[in-house]
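Trainee: I am new to this structure and would like to learn how to read its features one at a time. Could we look at it together?

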Amino acid sequence: MIKKQAEVCRNFELDWLACAQGDEEMGRIDADYIVFKAKGDIEQLRKLVPEPLEATDEVIIYMGYFKETQKEGVTTWAWPFHEWGIGVVSKLKEPPYTEGNFLVQLYVDDDLVLVHGREVWGYPKKIGEMAISPKTTEGNSDSYEYTVSRRGTELVSARVDNLQPASADEFPFTGRQHAICFRQVPSPDKAEVDKQQLVFVQLDFDTTDVMKGTGEITLTDGPFDQMPFGPLTDVVAYFGRSAFNHRGINNLVVDAQELARPLDYSKAGKVTETV
């Protein structure tokens, strides 16, 4: 898959070719995840999800550290990076009624995964700065803290505590899952969108070392980023390690009708001055 992607995504062909090709349609990465499950106001969440998706009241928030990965002596992923995402668990209203996590905001700290993610699948990725303490590569801990910042503003701060061993079946990222991306392709010669699609990205997780605990998370709007989720309740926190398989070729892409997400334009780009 990686070699074929390099042949058609020419800006990053050498970056891709640093990784060996695995199964034809998959890329394989080892990852550590800190995941929050929470409940939100269904009326607010419906405003964030485009037709023909139907929102639930479940919100999934994750911080992932994707590691340099070797499988059977070959490098399947060469570029360690962080990724933070927040989405609404949603279901397609029409056959095949596929369910997944519809991603509303997503931050990464590597340009290859930013560009390829947005252009191919429509992930709503932006470059951000992320830190986890203690580092997940230093062994298991019963607590972690992390932050996400962009353009000088801290947007997310989170903490998980009291982590205790749990069943992998409880972990939000286990087995076969779908990330749902809203992909917009703008016209090159008009002020309009040529394509507007929902892309259901198949993700396969082989998850181990699962722990479950308590957690707190704070989302803060910045001058260039808005987190219009409202209050979250019933927060449950998890930590897990996964062999993460990202399907490179999608078998479910659906035309999207609209994006209803409200934006507060009065705050757009305005930075608060300090004296």
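Trainee: Is Ser90 buried or exposed?

Mentor: Burial is read from the relative accessible area, and anything under 20% counts as buried. In this predicted model, Ser90 has a relative accessible area of 0%, so Ser90 is buried. Ser90 sits in strand S5, which covers residues 81–92, and the residues it touches beyond four places away in sequence include Val49, Leu53, Phe102 and Ile180. A polar atom of the Ser90 side chain also lies 3.0 Å from the backbone oxygen of Val88.

Trainee: And which residues does Gln70 touch, leaving aside those up to four places away in sequence?

Mentor: Those residues are Thr75 and Thr76. Gln70 belongs to strand S3 and, with a relative accessible area of 52%, Gln70 is exposed.

Trainee: How many salt bridges does the structure hold, and how should I read one?

Mentor: Side chains of opposite charge can pair when their charged atoms come close. The structure holds 17 salt bridges. In one of them, Lys67 pairs with Asp32, the closest N and O atoms being 2.9 Å apart; Lys67 lies in strand S2 and Asp32 in strand S1, 35 residues apart.

Trainee: Where does Arg241 lie?

Mentor: Arg241 forms a salt bridge with Asp32, with the closest N and O atoms 3.0 Å apart. Arg241 lies in strand S13 and Asp32 in strand S1, so this pair ties together parts 209 residues apart in sequence. Arg241 also forms a salt bridge with Asp209, at 3.6 Å between the closest N and O atoms. Asp209 is in strand S12 and is partly exposed, with a relative accessible area of 43%. Through shared partners, salt bridges join Asp32, Lys67, Asp209 and Arg241 into one network.

Note on methods
Residues numbered from 1 in each chain as written. Predicted model: local features only at pLDDT ≥ 70, side-chain atom pairs only at ≥ 80, totals over all residues. Heavy atoms only, no water. Helix = DSSP H or I, 4+ residues; strand = E, 2+ residues; numbered from the N terminus. Buried < 20%, exposed > 50% of the residue type's maximum accessible area, 1.4 Å probe, protein only. Contact = heavy atoms within 4.5 Å. Polar contact = N/O pair within 3.5 Å; in protein donor to acceptor, adjacent residues only side chain to side chain. Salt bridge = Lys/Arg side-chain N within 4 Å of Asp/Glu carboxyl O.
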